[in-house]
Amino acid sequence: MTAPGLAAANLGYAHRHLLGIEGLSADEISFLLDLSENYVELSRRGNKKTALLRGLTIINLFFENSTRTRTSFELAGKRLGADVINMSVAWSSIKKGETLIDTAMTLNAMHPDVLVVRHPDSGAVKLLSEKVTCAVINAGDGSHEHPTQALLDGLTIRRRTGRLEGLIVAICGDILHSRVARSNIQLLGIMGARVRVVAPPTLLPAAVERLGVEVFFDMKEALKDCDIVMMLRLQTERMHGTFVPSTREYFRFYGLDADKLKAAKPDASIMHPGPMNRGIEIDSELADDIDRSLIREQVEMGVAVRMACLDALTQDLRGHNLAAAEVGPEVGPEVGSGAGARS
Amino acid sequence: MNDSAGTPGRTAVRRTAFVNARLLDPASGLDAPGALVVEDGRIADLGPGLLAEGVSEGMARIDCGGHCLAPGLIDMRVQLREPGEEHKETIASAGVAAAEGGVTSVAALPNTEPVVDDVSGVEFVARRAREAKLVKVYTYAAATRRLEGKEITEIGLLAEFGAVGFTDGLHAVADALVMRRVLDYARAFDQLIVQHPEEPSLAAGVMNEGEVATRLGLAGIPAAAEAIMVERDLRLVELTGARYHAAHISTAAAVEAIRGAKARGLAVTCDTAPHYFTLNEHAVGDYRSFAKVSPPLRAEADRAAIAAAVAEGTIDAVASDHSPHDQESKRLPFAHAAPGIAGLETLLALTLALYHKGELGLLDVLGRMTVRPAGILGLEAGRLAKGAPADLVLFDLERPWRIDPDAFRSKSKNSPFENHPVQGKVLRTVVDGRTVFEAGA
């Protein structure tokens, strides 16, 4: 085990931004997960603070309401010693893509070191990342990706089962609109897990099987022999006749309850990215079942993973720490110093 | 006919033999003289050589007099009017009419008041049918809430409670996105979606568009209104992979579209009603509102195409589209009269005309009203086979008669077929071994 901050310096993560899981290698994901483990330990200590990012500025730029993710990033930044600013922008008052770029340029002029961005439009975070000189972390863009969620889910699973490869993971619910599902499908696939998705066809995106998943309409079939059951949140406005006829019917066929869970492996674990709709996508007692539910663990891992991501993305700013050489072969510095090369 | 077992309303004895019958089973192709034994409501045995030695003690005997014994008809499209319009029809009165017509199973549309769009509606129909104890009554549930074409219904729960399919009845699901989601969602439960295929924005008229409508000064509905909706739906079926059934097809263009879809391997079926291959738009004649029906009676070329499509099998099923209306609903200026024909009691005779005219073999004619609709709806009835439910119709294939709507057992008498000559008369109707109708009884 390396100390916090040290592992990042070996360039195990060779990208300027973290915009998505797609395109990452298994080694890069493992590196981030390994690094996160250290921060789990740090966060459990009495004194949770390091000075690793002292003097660096992080802006949490949220164009969409989020308490949980924003708080998790804020804590992560503060525990690493950075200055953290939260900016919430009501996207409804800003209509044009140009304004997004204007916002980016304005913020860029303030010289932040990391921008953590959530936006309701798929691709908006990438667009913004092309206009700034600092590192950008995608904290969720539309229905596209939510990479830190997938990483924290991966870490949670790995800590529970010791591995990701070969596991059977069922992702259940509103796959169509879910960036969590897309990032997890990518990550679990890259790491060698077998991914299943289960939902009514109205909540499945077209050609989803092309992402390398098995598609099910029936929960019990999908959960058969599963190691992990990952539930997704169903938005209220989709429950009453548009995508799903009613909450009653949804819970009956797609809500996770003890009966459906019997189809999974006896020690299968339950996950949910939160916030939960109890009694709609998940039975309340199951969500609180300390033996089966990893939901609270996921929240804890969220902070650790975000610390690891901040660490990894600021390695250049902090300079290479030679002490890290022991961890593994050094990657050519040009990979990491590509910052600013992209327009 | 000598029996003490099967008089209407009485429970059958354990074993009943139907002897001296012409056994007709479209599913197996059986057409031979023989006998059939019913035990505990199911067909215990049947065949040409059966009971050649005579009927044993303790077995009731029904002499079929050499007449046709076939699976009871399955009418996949009827309106029962209960709940809500019991002055036009009830589940009980429709049951009597169905039995009279040789129909042993009906599938009811959900366009009642209230609409059958939740499980309590499905349970109500089932309970009333149990109480009536006549023919088997299945029900479709609405595809969208209140038939409004906006929000999908609880298809999964409704199917668990026994709905045999989902349809908005006399309305098309017009919005393509809603229809796509209905088809998509139904796929999760392998449920059938039945469409009234008519583009509503083109269907504001009251009869078929053409010369007759022009001369009468009535607003027309073009044949294209049907073809457009069928063709759109077929695209959506291709997109979603759902099971789709187009109801009461009336135009050559729609037949052609469905023929093409079947050739491409889509899970598509369709039906028509006897009036679409028996009558054309001229039946409207002098503003006869009994000939007002939705979709409207079409041009002669369409009528002939429908008959041909039934014969070739592109049209899978013939259903009565039983639409009972009281006098008040029909004795109105043509444009204001309610559309629909009471058809339960004339389904068999009108459809047998296809056989009598030589357009189609007898087994094929019967198949369109038995095993084919059973297959579409997933019912176990519709065939003469060991173990199958003893739902039977005994009919005199040749007997000529004239349709007399006043003699209908249905509460409503709205039929354009008054005095229409037909051949083929139901003698006895049996449901689960119980005789529910017997001619002259």
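How many of the 18 residues of α1(A) are buried? I looked this up before anything else, taking buried as under 20% relative accessible area, exposed as over 50% and partly exposed as in between, with a 1.4 Å probe and protein chains only. The count is 13, and α1(A) is thus mostly covered.

Ground rules for these entries: I am working on a predicted model, in which local features need pLDDT of at least 70, side-chain atom pairs count only at pLDDT 80 or more, and totals for chains, interfaces and linings use all residues. Residues are numbered from 1 along each chain as its sequence is written, chains are lettered from A and ligands numbered from 1 in the order in which they are written, and side-chain values use heavy atoms, with hydrogens and water left out.

**Chain A, helix α1.** I checked the span of α1, residues 26-43 of chain A, and found 25 Å from its first C-alpha to its last, close to the 26 Å expected at 1.5 Å a residue. The expected span is 1.5 Å times one less than the number of residues, and helices (H or I, at least four residues) and strands (E, at least two) are DSSP runs numbered from the N terminus.

**Chain A, Met219.** I placed Met219(A) in helix α7, residues 219-223 of chain A, and noted that Met219(A) is buried, with a relative accessible area of 2%. Leaving out residues up to four places away in sequence, I listed the residues that Met219(A) touches, among them Cys172(A), Val198(A), Met231(A), Phe253(A) and Lys260(A); contact here means heavy atoms within 4.5 Å. Ala263(A) is 44 residues from Met219(A) along the chain, and I read 8.8 Å between their C-alpha atoms.

**Chain B as a whole.** I counted 13 helices and 18 strands in chain B. Along the principal axes, the C-alpha atoms of chain B fill a box of roughly 65 × 50 × 45 Å. I found 61% of the residues of chain B buried, and, among its contacts between residues at least 6 apart in sequence, 75% joining residues at least 24 apart.

**Chain B, helix α2.** I took α2, residues 119-132 of chain B, and read a reach of 20 Å over its 14 residues, close to the 20 Å expected. Val119(B), Gly121(B), Val122(B), Val125(B) and Ala129(B) are buried in α2(B), and their cover includes α8 (247-254) of chain A as well as α1 (91-100), β8 (136-139) and α3 (155-160) of chain B. Lys133(B), which follows α2(B), has a positive phi near 50 degrees.

**Backbone entries.** I noted a cis peptide bond between Glu82(B) and Pro83(B), with omega about 5 degrees, and placed Pro83(B) in the loop between β6 (73-78) and α1 of chain B. The bond from Glu113(B) to Pro114(B) is also cis, with omega near 5 degrees, and Pro114(B) sits in the loop between β7 (103-108) and α2 of chain B. Turning to positive phi, I found about 60 degrees at Ala207(A), which is not a glycine and is partly exposed at 43% relative accessible area. Arg146(B) has a positive phi near 55 degrees, lies in the loop between β8 and α3 of chain B, and is partly exposed at 45%.
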